[in-house]
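User: I would like to learn how to read the helices, sheets and loops of a model like this one. Please take me through some features, with the general idea before each case.

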Amino acid sequence: MTGRLLIQHAHSLFTGLRGAPARSDATDLRIADGVITEMGRGLRAHAGERVLDASDCVIYPGWVNTHHHLFQSLLKGVPAGLDATLSPWLQAVPFAFRRGFDEQRLRIAARIGLVELLRSGCTTVADHHYLFQPGADHDAAALLFEEAQALGMRFMLLRGGATVTRQLEDSERLHQAPETLDQMLAAVEQTAARFHQHGPFARRRVAMAPTSVHVSLPREELKVVARAARALGLPLHSHMSESVAYIEYCREVHRCLPIEYLADNEWLGPDVWLAHLVHLSPAEMKMLGDSGTGIAHCPQSNARLADGIAPVPTLDRLGVRVSIGVDGAASNEAADMISELHFAWLVHRAQAGALSRPRPEGEGESGADAVTVEQVVHWATAGGAAVLGFEGVGTLQVGQAADLAVFDLDDPRYFGLHDPAIGPIVSGGRPRLRWLLCAGEVVVEDDGIPGLDLARLRAQAGEAVRALLRAG
């Protein structure tokens, strides 16, 4: 059972909902046993409640990050991959260094990534981990759940891997032995039996997530894997249509477009969400919307690798379930949700403006309303929770989980705002976290994480990077 809290005097409060309810006129929140029990103005403290004074602060739901690669937190800014597109970057960075990730380095990397996310206001993380190979001397799944639990976060393992070796890694230097289909399915079933929770307010979940389904499994295994996941009550996830190479491969090998390939093999639906989805035909976008498939939108990584810009406003209008993922720090050196959301708010406006045309052949200046602050907040909170299947999470309403960030806009970059409520999105930076709560428990206070020695973590990171360079 968690404690009883009353948060008072907030300047503004975003709910994570769509439309007019996106903002609440409440300034106070009462929390008991990890759930919001009352919202309003002028609420008075009850006996035994801890009172948090949120004067001059803005309150948001805790961010929900739907696609990450935590192990990449030790692979930031690798010179060989800094100016590379996706395929050569894969070879130069994650494939080149993955053999060096023993239990200790994976644990340090996961801790760095989770801490970075926590300090940006993130309370729920879905990690697409794919370093699974036969004979490993540690349980990567258990390790990741342990690290998230130690920090008080909700965590979902997107259990990646492959049963074939793709062409990009078919060399002695980059090769990693794949699992057999039976090994993969058995491991996912065991992990789900141990960690996957159903129902409201779950803290741990698991998804079946072959790394890039069009190349990680042979065609005959796609339906087998999808049906096995659904029999276990697990959702499905993978990378898809990140770069034009996906289209080239699917045309050459499968004689169709990527989303057509997924549709033919039972890999679309409301229990599926896909990372990236940058390069899509109009017909593919309609298929995604009609099926209720979701997207983990990762705009900074897509920009960093020159993939392009996913047509997320259009996908949203078509019924695709939109969420936000920061992707791995190796292709997004600032792998935190505030940076991601600030960029998401900007990039679709820039894209819309770039497509504008002068009158009379066009509409003249346009595009500044391509994405609103409220829309971005919804994608990163309620949208993400819905995509991942975390019930009772993602919005600030009575009866919902008390996962929330209290941001103090005390940095000069926020001074002068006519609407302070939007500061964390429109002004960027990283506002100071007065408090971050997950399930009603304070997990960050005054920008500090209880029990965490940041100086020690920095030293461990430096040593781990040096060890990876020696191993490589």
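The dialogue below goes from conventions to a helix, the sheets and then single residues.

User: What should I know about the model before reading any values?

Analyst: This is a predicted model, in which local features need pLDDT of at least 70 and side-chain atom pairs count only at pLDDT 80 or more, while totals for chains, interfaces and linings use all residues. Residues are numbered from 1 along each chain as its sequence is written, and side-chain values use heavy atoms, with hydrogens and water left out.

User: Which residues of α5 are buried, and which exposed residues are on the face turned away from them?

Analyst: An α-helix has 3.6 residues a turn, so residues three or four places apart point the same way. Buried means under 20% relative accessible area, exposed over 50%, and partly exposed in between (1.4 Å probe, protein chains only). In α5 the buried residues are Leu181, Met184, Leu185, Ala187, Val188, Thr191, Ala192 and Phe195. They cover an arc of only 165° around the axis, which puts them on the same side of α5; the arc is that of the directions from the helix axis to the C-beta atoms. Asp182, Gln190, Ala193 and Arg194 are exposed on the face turned away from the buried side.

User: What covers the buried residues of α5?

Analyst: Contact means heavy atoms within 4.5 Å. The cover includes α4 (140–150), β10 (154–159), β11 (204–208) and α7 (219–232). Of the five residues of β11, four are buried, so this strand is largely enclosed by the rest of the structure.

User: How do β10 and β11 run relative to each other, and how many bridges join them?

Analyst: Strands of a sheet pair through backbone hydrogen bonds, either parallel or antiparallel. Here two strands count as paired if DSSP finds at least two bridges between them. β10 and β11 run parallel and are joined by five bridges.

User: What is the strand order in the open sheet of four strands?

Analyst: The order is β5-β4-β1-β6, with mixed pairing. β5 (35–40) and β6 (50–53) stand at the edges with a single partner strand each, so one side of each is left without a neighbour in the sheet. From one strand to the next, the twist averages 20°; axes are lines fitted to C-alpha atoms, for helices over the stretch in contact, and angles run from 0 to 180 degrees between N-to-C directions. Within the sheet, β1 (residues 4–8) and β4 (residues 28–32) pair in the antiparallel sense over four bridges, and arginine 4 stands opposite alanine 32 in β4.

User: What order do the strands of the six-stranded open sheet have, and which helix packs on that sheet?

Analyst: Its order is β3-β2-β7-β16-β17-β18, again with mixed pairing. The edge strands, β3 (23–24) and β18 (441–445), each pair on one side only. Helix α14 (residues 373–388) packs on the sheet, touching β2 (12–14), β3 and β7 (57–61), and its direction makes about 55° with that of β2.

User: Where is glutamate 179, and is it buried or exposed?

Analyst: Glutamate 179 is in the loop between β10 and α5. Its relative accessible area is 7%, so it is buried. The glutamate 179 side chain makes a polar contact of 2.8 Å with the side chain of arginine 159. A polar contact is a pair of N or O atoms within 3.5 Å; within protein, one must be able to donate a hydrogen and the other to accept it, and residues adjacent in sequence count only if both atoms are side-chain atoms.

User: Which backbone angles deserve a look in the loops?

Analyst: Alanine 306 has phi near 60°, a positive value in a residue other than glycine, and is exposed at 60% relative accessibility. Aspartate 327 has phi near 65°, also positive in a residue other than glycine, but is buried at 4%. Arginine 359 and proline 360 are joined by a cis peptide bond, with omega about 10°.

Methods: Helix = DSSP H or I, 4+ residues; strand = E, 2+ residues; numbered from the N terminus.
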